[in-house]
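Please read the points below with the structure open beside them. They go through the ligand sites, the contacts and the packing in turn.

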Amino acid sequence: MTSMPEKTTHSIITLTVNGDEHAFILGEGAHQVSPSHTLAHTLRETLGLTGTKISCDRGACGCCTVLMDGKAVLSCMLLTVECAGKQITTIEGLGDPATGAIDRLQQSFIDHTAFQCGFCTPGIIMSAKALLNQNPSPTREEVQAALAGNFCRCISHYHVLDAVLDAAQKGDPE
Amino acid sequence: MKTFTHINADSVAEAVKLLAQYQGRAKLNAGGTDLLGVLKDRILPDYPEALINIKTIPELSGVAEDEKTITIGALTILADLSAAPLIEKYCPLLKEAVDTVAAPQIRNVATIGGNLCQDTRCWYYRYPDEIGGMIQCLRKGGKTCPAVVGENQYHAIMGAKKCFAVSPSDTAVALTALDATVTLAGGSGTRTLPVEELYTPLGNVLNPDELVTAIYIPKPAPAAKQNFIKFTLRKPIDFAIVSVASLTTLEQGICTAARIVLGAVAYTPVRAREAEKFLTGKELTEETASEAAELALAGAKPLAKNAYKLEIAKTLVKRALLGQ
Ligand SMILES: Cc1cc2nc3c(=O)[nH]c(=O)nc-3n(C[C@H](O)[C@H](O)[C@H](O)COP(=O)(O)OP(=O)(O)OC[C@H]3O[C@@H](n4cnc5c(N)ncnc54)[C@H](O)[C@@H]3O)c2cc1C
Ligand code: SF4
Ligand code: FES
Ligand code: FES
């Protein structure tokens, strides 16, 4: 190998997941975060937050959707090392950690049976959450557009639209 | 994913220096929505030793204007571009193109520079290493192109000689119609060229130590009608089978200027110059639009399985011109 740059810019990174700050040592050791780890991998394998699902692992299904600084993103297509300093919210971070009460969006999915196998559901709920945070009373078309990146193999889409619109209607200003 | 050294670049100069030091063994990472797929499937003969994160370069994002030009930083995120009032006002066809890219979650991280520089989606080229080994085709320095005699339904219908892969970038089509240029920064300084000249039959013109820093769009005539149409098999999360971008200026029904660009038909967006010439000075009607569509596809040489793309392309040209 020739003329490798000396710059090793970071050895510890921190990110905030569901309100808790986590520091990770970068490296290839057992409990370290490799520069090649995706955020989805870190959430599931390092932090044990298995609510975020990995299906295609190629950016094409939306199962791994989480919020990064409030925006819906695909955690399988992000390097953990590049999420340093970001605020991440996963499905586990919805609802009220103190009482254990779930988010009204989650309740609405239950009320509308807006899933069958449920594998796509955490990702869909996170995309819907990002939408409602930005636009509390969306139209059906706006919900469709916001969920266009979430693929459901069980064809629960129609129930999902009802669940999201219903949750939006019931939404008291938080 | 196999590991690599990860470096955050703080400036364009640093990114260029790192690229030069690694001599082709490092890759730039912008949004990563294309690159991570390439790395996960190990489709390239040489796995990069290092990734250079350019999201940490502060001055490369944003949309600005001066009297004559719209400037877009290469790291501008697609969702931000779509929401930018300047883009909506001056380049609605670019906004339309951006809004068809992938899905909302990808548009929240993908950059316009990455969109322009993304690798082809030819499915032989993208064939994952872990399922029986990557395919060493012509584009990767191999000797043959399996697509030319194989499953070529999504491949090029014009301008191809050895590799039949198409440019997958939707923004490149829109930017070519808008007569945009890109600036590249590298070890020997910067150069600016039309988006139309960014691509080569086997990739793009970037030297190993170059990156795209900015895109410039001359403000189009306010009277010009802009259209972008993309045909896909399903609406979201899909690449174009064919796309068309057009700008037409009409004065009392007579077309005084026209730009027509075809996407996903060749390794680069293709300007339909004969069709543009034909339309100029003519009334824009069903008949002249049909004639222009025929001229736009006159040079096409489809492969065994993709002649259907010709008909789609002609229909899109006609619809784009007539604003349907
Ligand atoms: C499921 C899915 C669907 C998609 N659908 C579409 C679609 O419909 N239309 C479409 O156009 N694209 C589509 N894409 C492709 C693509 O990911 C995006 O369009 C995106 O814009 C790429 O930007 P990025 O910043 O994430 O690029 P990256 O992945 O970061 O980079 C892509 C490539 O460009 C290089 N690069 C990045 N920035 C620069 C720069 N400034 N200068 C020089 N080189 C650079 C990188 O080294 C890399 O090789 C899709 C991708 C996926 C996963
Ligand atoms: S079309 Fe190009 S990228 Fe696809 S297999 Fe042939 S040479 Fe390779
Ligand atoms: S697992 Fe991330 S998009 Fe499919
Ligand atoms: S409920 Fe099974 S994938 Fe959506």
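1. A residue is counted as near a ligand if its C-beta atom, placed from the backbone, lies within 6 Å of it. On that basis the residues around ligand 1 come from chains A and B, so the site is shared between chains. This is a predicted model, in which local features need pLDDT of at least 70 and side-chain atom pairs count only at pLDDT 80 or more, while totals for chains, interfaces and linings use all residues. Residues are numbered from 1 along each chain as its sequence is written, and chains are lettered from A and ligands numbered from 1 in the order in which they are written.

2. The shell around ligand 1 holds 34 residues, and the closest are Gly31(B), Gly113(B), Gly114(B), Asn115(B) and Cys117(B). Helices (H or I, at least four residues) and strands (E, at least two) are DSSP runs, numbered from the N terminus. In chain B, strand 2 (26-29), helix 2 (35-40), helix 7 (112-117) and strand 10 (211-218) each give at least two residues to this shell. The largest share, four residues, is from helix 7 of chain B.

3. What is the make-up of the shell around ligand 1 in nonpolar, polar and charged residues? The shell has 17 nonpolar, 12 polar and five charged residues. Here Ala, Val, Leu, Ile, Met, Phe, Trp, Tyr, Cys and Pro count as nonpolar, Asp, Glu, Lys and Arg as charged, and the others, Gly among them, as polar.

4. Ligand 2 is surrounded by 14 residues, the closest being Cys122(B), Tyr124(B), Cys137(B), Cys145(B) and Cys163(B). Its shell divides into 11 nonpolar, two polar and one charged.

5. Between the chains, 24 residues of chain B are in contact with 27 residues of chain A, where contact means C-beta atoms, placed from the backbone, within 7 Å. Strand 1 (5-8), helix 1 (12-22), helix 2 and helix 6 (104-107) of chain B each supply at least two residues of the side of chain B that touches chain A. That side of chain B has 11 nonpolar, 10 polar and three charged residues.

6. Chain B contains 11 helices and 14 strands. Its radius of gyration is 20 Å, close to the 20 Å that the globule rule gives for 324 residues, so chain B is as compact as a globular protein of that length. The radius is taken over C-alpha atoms, and the rule is 2.2 Å times the number of residues to the power 0.38. Along its principal axes the C-alpha trace of chain B spans about 60 × 50 × 35 Å.

7. Of the 324 residues in chain B, 52% are buried; a residue is buried if 20 or more other C-beta atoms, placed from the backbone, lie within 10 Å of its own. In helix 8 (residues 170-177) of chain B, eight of the eight residues are buried, so helix 8 is largely enclosed by the rest of the structure. Just after helix 8 of chain B, Asp179(B) takes a positive phi of about 65°.

8. The largest nonpolar core has 162 residues, and Ala156(B), Ala174(B), Val244(B), Val265(B), Ala296(B) and Val317(B) have the most contacts inside it. Such a core is a set of buried Ala, Val, Leu, Ile, Met, Phe, Trp, Tyr and Cys residues joined through C-beta atoms within 7 Å. Its largest share, seven residues, comes from helix 3 (residues 121-134) of chain A. Ala174(B) is also one of the buried residues of helix 8 of chain B.

Methods. Contact = placed C-beta atoms within 7 Å. Buried ≥ 20, exposed ≤ 12 C-beta atoms within 10 Å, placed from the backbone.
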